[in-house]
Amino acid sequence: MSLIELKQAVIEGNSKMARALAKQVVENPSEIDHAIDQGIKKALETVGVRFAKGEYFIPDVMLSVLAANAAFKIFKPFFKRQGASVGTVLMGTVEGDIHDIGKNIAIALLQAGGFEVVDLGVDVPPSQFVSKIRKLKPQVVGLSALLSTALTSIERTVVEIKEAGLRDKVKIMVGGSAVTPEFAKEIGADGYGADATDAPKLAQGFIK
Ligand code: B12
């Protein structure tokens, strides 16, 4: 199976084809990471370019998202945690932003790395991060944002965690295409991830 076909199925928003091709990929599980990177991620980059150029509209993007999710659903069981949890990570897309595909990939990789992950979903207000940190006492918090306008939400979330007196209780990692290493530094995050594969690496580094 060529990953170009999976990429094409996602670009075309063909969920049935994406699912069928993903099933072929999992016959050789070592190919899954590559399929996510070259199939799903690359396809969504193309979709993003077409959207920016006005060639794709929201319904087209949604069909591609459905196809990407259909493939990812087939891959997800292969990321299940084996053995005891090495730590807890609280993840969410910050307030004002509903993009979650990258966050979900980061979560799958954290789980594969042995972490218990609590997913707060999308459009998560700072107060919800704060109350969940109090309740669940995670070692790590992961914040995701794809919209430039959501950067202020990341900043506010970090500030509210600080104001709640919880900043020294958790390590904060940030990611998503809107985030830069400079921004991460500026707001005092403990780590920045350019890619989902950075999420387990950062989390492991924090809990050493
Ligand atoms: C799919 C998509 C949508 C879908 C989202 C569906 C969903 N369930 O996620 C829908 C159609 C709903 C959507 C809506 C909108 N979108 Co949109 N969307 C995209 C698109 C095409 C793909 C995003 C994606 O999934 N990429 C693939 C994933 C795998 O990449 P990723 O999220 O960056 O994640 C990777 C890393 O960043 C990292 N990562 C992510 N999070 C984290 C967290 C941590 C802790 C770590 C370590 C790593 C990490 O790991 C991932 C894998 O490596 C992008 C274009 C693009 N090229 O990105 C536009 C894009 C993000 N959208 C955009 C816009 C403007 C919008 C809308 C405002 C459009 C509108 N006019 O309504 C709305 C916003 C709604 C809202 N309030 O959030 C702009 C954002 C511009 C900007 N910089 O602000 C983009 C860039 C398109 C463009 N070129 O203009 N969108």
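What span should the 22 residues of helix α3 have, and how far apart are its end C-alpha atoms? At 1.5 Å a residue, helix α3 (residues 32-53) should span 32 Å, and its end C-alpha atoms are 30 Å apart, which agrees. The expected span is 1.5 Å times one less than the number of residues; helices are DSSP runs of H or I with at least four residues, strands are runs of E with at least two, and both are numbered from the N terminus.

This is a predicted model, in which local features need pLDDT of at least 70, side-chain atom pairs count only at pLDDT 80 or more, and totals for chains, interfaces and linings use all residues. Residues are numbered from 1 along each chain, and side-chain values use heavy atoms, without hydrogens and water.

Helix α3 has I32, A35, I36, G39, I40, A43 and V47 buried (under 20% relative accessible area, 1.4 Å probe, protein chains only). An α-helix has 3.6 residues a turn, so residues three or four places apart point the same way. The buried residues of α3 pack against α1 (3-12), α2 (15-25), α4 (58-75) and α5 (101-112). After α3 comes G54, with a positive phi near 85 degrees.

Helix α3 also gives the largest share of the shell around the ligand, six residues. Of the 32 residues around the ligand, those that come nearest are I98, H99, D100, S144 and S148. A polar side-chain atom of D100 is 2.7 Å from a ligand nitrogen atom. An N or O atom in the side chain of S144 lies 2.8 Å from a nitrogen atom of the ligand, and a backbone N or O atom of A196 is 3.0 Å from a ligand oxygen atom.

Methods: Buried means under 20% relative accessible area, exposed over 50%, partly exposed in between (1.4 Å probe, protein chains only). Contact means heavy atoms within 4.5 Å. A residue is near a molecule or strand if one of its heavy atoms lies within 4 Å of it. A polar contact is a pair of N or O atoms within 3.5 Å; within protein, one must be able to donate a hydrogen and the other to accept it, and residues adjacent in sequence count only if both atoms are side-chain atoms.
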